Every structure is written in C-alpha cells, then in structure tokens.
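Look over the model shown here before reading on.

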Amino acid sequence: MAKSLRSKWRRKCRAVKRERYGAKELERLKKTLGVNDNGTQDVEMSEISKIATVVNAETIKENAKTNEDKEAQDAERMDVDSVGKRIYNKRTMRDQYGNYPVWMNKRKITKHKKGRAKSQKGTTRPQKRLTRRMKKQRNKSESKTDSDN
C-alpha cells in the first residue's frame, strides 16, 4: 500500500480502535473468568476432583493397549468393507476406474485432461525419419541377428 495521507490516517484510526477494543476485550475476558480487578477469583478451584479425575499412568497404558487391539480389529473389518470405496490418485485426480471426483467441475476436468496430454506428449519421443546411414546400420544389425539364429 502506498504511503498516501489517506492510508496513514486510516492506519492511525485502526491503531486507536485496536487499543480501545483491546481494553474492552480484556474486561470481558476477566468477567467471564470471574477475576476481579484486585486479582481475586469469584470461583474457588480447590474442588478440582469434581471437574477432573486423577488416573495412574499404568491404567492409561493398559487402556492404550486395549484400544490398539480394538483399532487393529476395526482396521481388518474396514479393509473388507472398503471394497466399494473409491481410491483417488492425488496426481491424476482420478479413481481406480478412471473417473474424476463428483465435486470436480467440467472446466477443471478439461484442464487436467489437457495437462495430461501435454505430459504424455513430452515423454514420448516423436518418430524421426531414418536417414540412409541409419537404415544401413539397422539392416546390418538385423542381418547379423538373422544369420546368428
């Protein structure tokens, strides 16, 4: 943005607003947390057992092991169920049947097709005409392989 008078004035006004709204937001935050200006709290946090439960590390590890076993079983089931699911290739944006996703619009599909044609064109080498010298070399190599057989 250029340093015109108008942009400088706008920047100044935004700074004033930021300061004013920051103070209001801080007051609102303190009010929702129940903190007074003195720093005292309206609500005592001593009764934390009502809010959270304390658990040993051993029980957490045991629960994690059982969860892993359940997830492994679910994954096996998911593999069986995923027969009807479509798997999309990130590069080509097509599924295993060669179809594009439903949400993709026609313009984007044609754009992808054009790009795909260009990439295929770049990888395949166009057939050049053979010169007489190349034809002779090819004929010699073919005749050698025929005579060897």
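**Helices and side-chain contacts**

Leu29 lies in helix H1, which spans residues 5-33. This is a predicted model, in which local features need pLDDT of at least 70 and side-chain atom pairs count only at pLDDT 80 or more, while totals for chains, interfaces and linings use all residues. Residues are numbered from 1 along each chain as its sequence is written, and side-chain values use heavy atoms, with hydrogens and water left out.

The protein chain has five helices and zero strands, where helices (H or I, at least four residues) and strands (E, at least two) are DSSP runs numbered from the N terminus. In sequence order the pattern is α-α-α-α-α. Of the 149 residues in the protein chain, 5% count as buried; buried means under 20% relative accessible area, exposed means over 50%, and partly exposed is in between (1.4 Å probe, protein chains only).

Leu29 is partly exposed, at 49% relative accessible area. Together with Leu26 and Leu33, Leu29 forms a nonpolar surface patch with about 310 Å² of accessible area. Patches take residues with over 30% relative accessible area and no salt bridge, joining like charges within 9 Å and nonpolar side chains (Val, Leu, Ile, Met, Phe, Trp, Tyr) within 5 Å. Accessible areas come from the Shrake-Rupley method with a 1.4 Å probe, and for residues only the protein chains shown count as cover.

Helix H1 also holds Ser7, which is buried, with a relative accessible area of 5%. The side chain of Ser7 reaches the backbone oxygen of Ser4 at 3.0 Å.

Thr92 lies in the loop between helix H3 (57-81) and helix H4 (106-123). Thr92 counts as buried, at 16% relative accessibility, and its side chain makes a polar contact of 3.5 Å with the side chain of Asn89. A polar contact is a pair of N or O atoms within 3.5 Å; within protein, one must be able to donate a hydrogen and the other to accept it, and residues adjacent in sequence count only if both atoms are side-chain atoms.

Side chains of opposite charge can pair when their charged atoms come close. The structure holds one salt bridge, defined as a side-chain nitrogen of Lys or Arg within 4 Å of a carboxyl oxygen of Asp or Glu. Arg86 and Asp95 form the salt bridge, with the closest N and O atoms 2.5 Å apart. Arg86 is partly exposed, at 44% relative accessible area, whereas Asp95 is buried, at 7%.
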